[in-house]
Amino acid sequence: MSNARWLILSQAGKITLQLVALFVLSRLLQPSEYGLLAMALVATNFASILRDSGMGAAVVQKRELTDETLNTVFWLNVGLGTVLALLLALLSPLLEHFFKAPNLGSVLCVLAIAFPISGTSALHQSLLERDSKFRTVVRIEMSSAVLGLCVAIALALNGAGVYSLVAQAVAIALLTTLQLWFASTWRPRMRWSYSEFKELWRFSGNLTGFTFINFFSRNADSMVIGRMLGSIQLGIYSQAYKVMMFPLQNMTYVASRALFPVMSRHQDDRVKMSALYYKSLRLIATATAPLMAGLWVLRDPFVIVALGNKWAGVADILAWMAPIGLVQSINSTTGTVFMASGNTRLLMRIGVISAVLQVSSFVIGVRWGLTGVTACYLVANVLACALSLYLVVKVLGTGITALLQSLWQPLAFSALMLTVLSPAYAYLQSKQSDPSVSLALIGVLGAAVFASCTFLFSKGLVHDCKQMLGGRK
């Protein structure tokens, strides 16, 4: 709970910064510039997987650490970060030609600078998280994010275009690395142990395989849309995807990151692991289910108020992205169980099946444009989530009843909220209400309906929320 409270503070700050960036940078930059960055991120996100190689998670999960283990991981991260930066620079002309996007090569070259920088501090962050020093980690992340956003806005105001977003990423990497070195007492020495590497690789190899597969499936949409429909359509899709990913990157990220070091310490006690997991799953559903239901109803005024009229096409995509956000926020928690219990091979196999489902959905759906892609993507996510939850129940040794008990109330309350908001919003539309007024009024109404249902019919859920936010037992 202590870990989660600090991470909630961090993510609340990040959401605020993301909204500021959404409101400010969306008005200073063009959809084509966001599309160009989305193309570049396909390559840089892939390189990020190889840079860590799952070693950070292995450091957190491992029962005992030696100095040889730490030095082996550190020099591996440094070496991979340097090699990947060089490879990105060398391959940038080919990627520019593949996407038919001028300036993509130079964008990639600048982004590559962040890899050797981040590689020198990845281990320091893992050690802080292993010791549950999330207060320090949060301070570092928030201060770096604030300064990085200031860099982006300043450059965008001066006409830097897509390079304002690129400079933001590099600045955050540099500031984070400097602070992590000051915060951690561990310092590297020139040591390397092949036997330690082999032992760590038994865990991290499968995790790297899963992450690689997951990366491919998550970025296949950008590759397909960018290649088949162009940068403008990709820019619209990427903005809708960002909105959908808010709960996944924030609520779910908090629970998974806070739980992983704790569950790893109790990896031999399935009863305690299952209690931790189902409580966190219920809290996640309590946050994401009403949020996505409200976004589905208010997608049109939200886009107009948050992004501006030039992004009107995003609203149609959000009709499908909202339920996807709910499904993914639940599904993404399952990885913590597999990792903490050491079942990374099973995690990789699940990743293969999910990747086949998701990539197939992009290839099939693109013939009907962006709407077809997102509709098929929703079906793929529902199937993948059902499989993952079934296997989590088996790993934890619990019945399906425990899973349903953790989810049914947030989902039922959100469904009731949806039935109230839809006619209320239709009424305001008939009166030609201003979008900002509709967004505020219906948003407050939705929050009131969900909160009332929770307080009246779920004392257990209210207790869990109080414990999370106030530390009460």
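**Helices, ring pairs and salt bridges in a predicted model**

Leu94 sits in helix α4, which runs over residues 67–99; helices here are DSSP runs of H or I with at least four residues, numbered from the N terminus. This is a predicted model, in which local features need pLDDT of at least 70 and side-chain atom pairs count only at pLDDT 80 or more, while totals for chains, interfaces and linings use all residues. Residues are numbered from 1 along each chain as its sequence is written, and side-chain values use heavy atoms, with hydrogens and water left out.

With 58% relative accessibility, Leu94 counts as exposed; the cut-offs are under 20% relative accessible area for buried, over 50% for exposed, and partly exposed in between (1.4 Å probe, protein chains only). Leu94 also belongs to a nonpolar surface patch together with Val83, Leu87, Leu90 and Leu91, and the five share about 490 Å² of accessible area. Patch members have over 30% relative accessible area and no salt bridge; like charges are joined within 9 Å, and nonpolar side chains (Val, Leu, Ile, Met, Phe, Trp, Tyr) within 5 Å. The areas come from the Shrake-Rupley method with a 1.4 Å probe, and for residues only the protein chains shown count as cover.

In one, Arg189 pairs with Asp67, and the closest N and O atoms are 2.6 Å apart. That links distant parts of the chain, with Arg189 in the loop between α9 and α10 and Asp67 in helix α4, 122 residues apart. Asp67 also forms a salt bridge with Arg191, this time with the closest N and O atoms at 3.2 Å. Since Arg191 is in the loop between α9 and α10 and Asp67 is in helix α4, this pair ties together parts that are 124 residues apart in sequence. Put together, Asp67, Arg189 and Arg191 make a network of salt bridges. Arg189 is partly exposed at 44% relative accessible area, Arg191 is partly exposed at 37%, and Asp67 is partly exposed at 25%.

Next come the aromatics. Seven aromatic pairs come out of a search of the whole structure, with rings of Phe, Tyr and Trp (its six-membered ring) pairing if their centres lie within 6.5 Å; planes under 30 degrees apart count as stacked, over 60 as edge-to-face and the rest as tilted. One of them joins Phe74 and Trp181 edge-to-face, at 6.2 Å centre to centre and 75 degrees between the planes. Phe74 is in helix α4 and Trp181 in helix α9 (residues 162–183), so this pair ties together parts that are 107 residues apart in sequence. Phe74 is buried, with a relative accessible area of 4%, whereas Trp181 is partly exposed at 25%. Tyr237 and Tyr241 count as stacked because their ring centres are 6.1 Å apart and their planes lie at 25 degrees. These two tyrosines are four residues apart in helix α11 (residues 231–265), so about one helical turn separates them. Tyr237 and Tyr241 are both buried. Ring pairs also link Phe74, Trp75, Trp181 and Trp186 into a cluster.

As for helix α9 itself, its 22 residues reach 32 Å from first C-alpha to last, close to the 32 Å expected at 1.5 Å a residue; the expected span is 1.5 Å times one less than the number of residues. Buried residues in α9 include Val162, Leu165, Gln168 and Leu180. Helix α19 (residues 435–457) has 23 residues and spans 33 Å between its first and last C-alpha, close to the expected 33 Å. Among the buried residues of α19 are Ile442, Gly446, Phe450 and Cys453. In the loop between α18 (400–430) and α19 lies Gln432, which has a positive phi of about 55 degrees although it is not a glycine. Most residues other than glycine have a negative phi. Gln432 is exposed, with a relative accessible area of 72%.

Finally, the cysteines. The disulfide count comes to zero, with a disulfide defined as a pair of cysteine sulfur atoms within 2.5 Å. Cys385 is in no disulfide, and the nearest cysteine sulfur, that of Cys376, is 18 Å away. Cys385 is buried at 8% relative accessibility, while Cys150 is partly exposed at 46%.

Conventions:
A salt bridge is a side-chain nitrogen of Lys or Arg within 4 Å of a carboxyl oxygen of Asp or Glu.
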